[in-house]
Amino acid sequence: MSGLPSATRDWLTGPGLTRFWEGVRRRLESNGVQATGTLRLTAMNVQERNDLSLLLGKPLTGTAVTIRLDVLDARLRASAAGLGLRQTLEELGPPLTDRRAARADAAARREQVWSSLTSSLDASPLADQEWPRQWYDLLRRAGVPRGVTPEAATWTLQQAVQVLTALLGPERDGALGRGELAAMATGSAHGLDDGTWLARLVQRGVALAHGTEFPDDAAGRRALWRLVSVTPDGVSSTVLTYGLRPDGEGWRERALRERADHHAEAHLTPRDLHDLRLQLPAGTLIRICENPRVVEAAADAACVQPIVCTSGSAATVVFTLLDALAATGCRFAYHGDFDWPGIALANRVIRRYQARPWRMGTADYEHLAARSRAEDIPQLALDGQPVDADWDSDLAPAMTALGVALHEEATLDLLVADLSRQA
């Protein structure tokens, strides 16, 4: 029920006071809904001047007037209205909005967005790197896009930190499909689609981390994803295989067996692996190599043992295949390059699958180095920081002493001979 008498309400809402109440409402909403300060009303017509004279209890003769709001508040309380200025305005409706408090609340919520981002970065493995501070400053200057609530902004920025940690953190392990990466971070395979705010946040971080300009076209953005080994789909990345003979009568299983029968390599995509039934006899020995040239040579020689090739960095699709094979009880033997990245990759594979080293010992390295010198093969300098081999504590010192890097091509004949024997 209204606190204003109906006759009083009718008079207060008359056309002569409409502009006045609009001005008073704006003034109160801007100063914390307090009856303080003044209101200046100009260009009053006759009806406005007469009605306002009655309301204020004093004659107004000019076309402009300045009203003290505390005086107006007292006048209303003593009048037939019987209510203060704030209560009167709320009776006349709509409800008042404390815009000062709303601005302060909005500012606090915006600040919480950035303090949350600071906390996420400080708690992430990225904290010791240089570029995250530049990224934060850049985002802070740009602000949150129009229409994005502080709550949504906080969540999206946390997702961006999660994605950047996956791409640039110390635990990065191989390539990822963009849809796979998006699903991991957002639950949707489209969460990192081109044009989304999250994609832009991540791409800006990648650009800063790699010291490159942020691209302004789709081709440039795809190139930026490639810098961190992110592929656009589930069919672009592949794992190179040879000689896999899975059980099962599905067309994929039959196709692999047929390629093995014809000594032909096979490239499997993540999509293939999703639908393929990779059941091999328990105990099957799978040889793992680093260089596709080994697979090519094995195919040319009609080798009989199955091979999985990491193709250098071992993308996620490689580990997906090896995980599936391990789940069937397969055993693994690994060979890679005798250089520091090769030793690091070998450590990762051997640890993950309890693989045995395959011609990867100190004696193997020294024999190959001596053979290369005897055959006058140009020596490739061993660069970078030494990496200890988990399986042979003497290997890193021997490599450091000789200072020669040996890629798999240097041992190709020996590998092919091994692959030609029945396991």
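Trainee: Which residues do ring pairs link into a cluster?

Mentor: Phe319, Phe332 and Tyr353 are linked that way. Rings of Phe, Tyr and Trp (its six-membered ring) pair here if their centres lie within 6.5 Å; planes under 30 degrees apart count as stacked, over 60 as edge-to-face and the rest as tilted.

Trainee: Before we go on, what should I keep in mind about the model and the numbering?

Mentor: This is a predicted model, where local features need pLDDT of at least 70 and side-chain atom pairs count only at pLDDT 80 or more, while totals for chains, interfaces and linings use all residues. Residues are numbered from 1 along each chain as its sequence is written, and side-chain values use heavy atoms, with hydrogens and water left out.

Trainee: Thanks! How many aromatic pairs are there by that rule?

Mentor: The count comes to 6 aromatic pairs. In one of them, the rings of Trp114 and Tyr136 have centres 6.2 Å apart and planes at 85°, so that pair is edge-to-face. Trp114 lies in helix H6 (residues 99–123) and Tyr136 in helix H7 (residues 131–142), so the pair ties together parts that are 22 residues apart in sequence. Helices (H or I, at least four residues) and strands (E, at least two) are DSSP runs, numbered from the N terminus.

Trainee: Are Trp114 and Tyr136 buried or exposed?

Mentor: Both Trp114 and Tyr136 are buried. Buried means under 20% relative accessible area, exposed over 50%, partly exposed in between (1.4 Å probe, protein chains only).

Trainee: And how are the rings of Phe319 and Tyr353 arranged?

Mentor: Their centres are 6.4 Å apart and their planes at 20°, so the pair is stacked. Phe319 is in helix H15 and Tyr353 in helix H16, so the pair ties together parts that are 34 residues apart in sequence. Phe319 is buried, with a relative accessible area of 3%, and Tyr353 is buried at 7%.

Trainee: What does Phe332 touch?

Mentor: Not counting residues up to four places away in sequence, Phe332 touches several residues, among them Leu285, Ile288, Leu325 and Tyr353. Contact means heavy atoms within 4.5 Å.

Trainee: Which residues touch the most other members of the largest nonpolar core?

Mentor: Leu325 and Phe332 do, out of 46 residues in that core. A nonpolar core is a set of buried Ala, Val, Leu, Ile, Met, Phe, Trp, Tyr and Cys residues joined through side-chain atoms within 4.5 Å. Its largest share, 7 residues, comes from H16. Apart from it lies another core, of 33 residues, including Leu117, Val161 and Ala182.

Trainee: New topic: in what order do the 6 strands of the open sheet run?

Mentor: The order is S6-S5-S8-S7-S9-S10, with mixed pairing. Strand S6 (265–268) and strand S10 (356–357) stand at the edges with a single partner strand each, so one side of each is left without a neighbour in the sheet. Two strands pair if DSSP finds at least two bridges between them.

Trainee: In which sense do S7 and S9 pair?

Mentor: Strand S7 (residues 285–289) and strand S9 (residues 331–334) pair in the parallel sense over 4 bridges, and Arg287 has Ala333 in S9 as its bridge partner.

Trainee: Last one: which residues of helix H9 are buried?

Mentor: In H9 (residues 178–186), Arg178, Leu181, Ala182 and Ala185 are buried. Just after H9, Gly187 takes a positive phi of about 85°.
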